[in-house]
Amino acid sequence: MMSEGSSFMKGMVLGGIFCLVMSFFENFNSGTHSEVHEHLHHHLKPLSKDELEKLSESQMSDLPLQVRVYCLIMVTPKLLVHWATANDTWSKHCDKSVFYTSESSKALEAVDLQEQDEWARLRKAIKHAYENAGDLRWFFVARPTTFAIIENLKYLVLDKDPSQPFYIGHTEKSGELDYVEYDSGIVLSYEAMRRLIEMFKDEDRCPERGHALWKTSEEKQLATCLKYSGVFAENGEDAQGKGLFNKKSVSSLISDSMGQNPADVVEACCSDMAITFAGMSPSQMQVLMYGVYRLRPYGHDFHDSLTFLPPKDSDND
Amino acid sequence: MSLSVSKLNSNILIAENRRAAPEFSQKVRVLCWVMTQPKHLKSRTQHIRATWGKRCNIVLYMSSEVSDFPTVGLNVSEGRSQLYWKTIRAFQHIHTHHLDDADWFLKADDDTFVVLENLRYGLSKHNAEEPLYFGRRFTPFIAQGYMSGGAGYVLSKEALRRFVKGFADGLCTHNTETEDVGLGKCMETMKVQMGDSRDVLGRQTFHPYPPDYYLPRQTPRPRPWYLIYEHYQPVEGPGCCSDLAISFHYIDAVQMHTLEYYTYHLRPYGYKYRFKLTTLLSKTLIALALETQWFTRKALVNPNLGCHSFKEERTSVCLIVMCLRIDGKSSFPNI
């Protein structure tokens, strides 16, 4: 009995060492890239007021034309009411918004990818968007359960060059991997998209159908493929360091703040220039639309350096 | 009361890039009184104090007991049956102690959210020495109608004088427990005029329910129960509510701070609002207004009605306002 036990133990130890060695090698490959980049990026903020004021007249008039956003909204018939709400509200503020569905619905228009696997669907949508981008250079990927304020997204990336790789949102860590959370929306520059699509061809490092026994979420698979192409996740924040991409609803964040900062609930809660919220019901999203684009106190004027006009064929904004 | 005035000035929100509201706060002085009770101070009223309460020129929290909140103690007990007594005593207290401290007197519940700047803007075109009363107009029970209590209503100085005089002279009595109906009856007796608080597009500014009752789109349907009392034809969907909304009701603590965030903080950078306040409206809009019947109302253009206090507006705007006057009663020209 004892000899069998010790063989077993030896086997376990050898296997354990083998695993550790393998994971060490895996990290080693991508490790060199992350050292260089992590210090430069990771926290991404918009231009400060002073920097904006320093821009020349011609630069100012060019900017709104350059910062144009293609929205990829990943829907399924199960999310029909949220789909309809996103279609009716915030998506109209994208320069181009395309709904990508797993299967078509008679009620609403979408590009039918005819694909049940979420990662495969995301890959197809990304390829389609890149091919149909025209002169749009920024891409925003979200589900219809997310609500986005596109003007604030534009403000964040105003001075960033889309021919550089950018991958922005609310970042989380999974082991060694920094990834952008799907629920709060994913921003990709044109260059990031281009590299990603190149990486899609690599079936070993960026497979379309996972080989592993377990399924990794699309957000992590996306981060992995991007990491292999030298593109790293960055957390979108305002000048005070408050996150701009939120995976919770407004009331959830307010409620948290009431517990943590009862003296200063709203100041401590969320950024004035927030970009996304998630987990809201369709009627809460209609109220948010009104709250963002309409409800305001008479007499509070802002002297913003840029102008965004209300879109055609939209109301409640 | 210079103390309250200096307090207000220090609390005006002046965030980066923002100009403070043109000094309406001195030209259009509003005293707010909040109908509350000891049980609610922590769960409700403190959130009003933390948000919109400080924007009033004077804010009084009316309760059955005096306290360090601070609350004013009225000589009334708590309970639904006492609400009209509380209202009467509250206005009497205000008349005795604060008549000269404000021009307009707002009543709100401890679950009402109010945007003071929009209230002042709407009131700015009106004369507080006239007997006027604004709010969300309800139809039943009283011939001229009455204003919803929960949505908040505002009395001009003259209306307040008449309310108090009505009780002093026995013309108005405690004839009901329902405070908004009771007050509405006294207003009618004392010949106080009902105002129209809707904006130029016919959208409501005072709301007796939270925004999610009105804003989501609906297919055309018979009036739901919460719109049964409406005096004006209700609109469901985005046309329900003015951009310059004044109040929402049945707002719990989380919603109070959420609305504060939406109104005073969260905004789209650089966005040019669709609903613009212009002093000169285009000829097309004027023509449209003159030709169409808006929301089943009959627009009466009475050349005898002057456009008093429109010092800076042009004639075209004047025409629109005259169109919106109904049966000679004054409208709420949020232009």
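In what order do the seven strands of the open sheet in chain B run?

## The sheet in chain B

This is a predicted model, and here is how its sheet lines up: β4-β3-β2-β5-β10-β7-β11, all in chain B, with mixed pairing. At the two edges sit β4 (71-73) and β11 (193-194) of chain B, each of them pairing on one side only.

Strand β3 of chain B, residues 58-63, runs parallel to β4(B), and three bridges join the pair. For one of the residues involved, B:Y61, the bridge partner in β4(B) is B:T71.

## A helix on the sheet

Helix α4 of chain B (residues 83-98) packs on this sheet. The strands of chain B that α4 touches are β2 (30-35), β3, β4, β5 (104-109) and β10 (153-156). As for direction, α4 makes an angle of about 150 degrees with β2(B).

## The annotated domain

An unreviewed UniProt entry annotates residues 30-197 of chain B as "domain: Fringe-like glycosyltransferase". Within that span, 34% is helix and 22% is strand, and the C-alpha atoms at its ends are 16 Å apart.

## Over in chain A: helix α8

Why is helix α8 of chain A (residues 218-228) described as largely enclosed by the rest of the structure? It comes down to burial: eight of its 11 residues are buried, so the rest of the structure largely encloses α8. The buried residues are A:E218, A:E219, A:Q221, A:L222, A:A223, A:C225, A:L226 and A:K227.

After α8(A) comes A:G230, with a positive phi near 80 degrees.

Conventions
Residues are numbered from 1 along each chain as its sequence is written. Chains are lettered from A and ligands numbered from 1 in the order in which they are written. This is a predicted model: local features need pLDDT of at least 70, side-chain atom pairs count only at pLDDT 80 or more; totals for chains, interfaces and linings use all residues. Side-chain values use heavy atoms; hydrogens and water are left out. Two strands pair if DSSP finds at least two bridges between them. Helices (H or I, at least four residues) and strands (E, at least two) are DSSP runs, numbered from the N terminus. Contact means heavy atoms within 4.5 Å. Axes are lines fitted to C-alpha atoms, for helices over the stretch in contact, and angles run from 0 to 180 degrees between N-to-C directions. Buried means under 20% relative accessible area, exposed over 50%, partly exposed in between (1.4 Å probe, protein chains only). UniProt positions are given in the numbering used here, feature names are shortened, and annotations may be inferred rather than shown by experiment.
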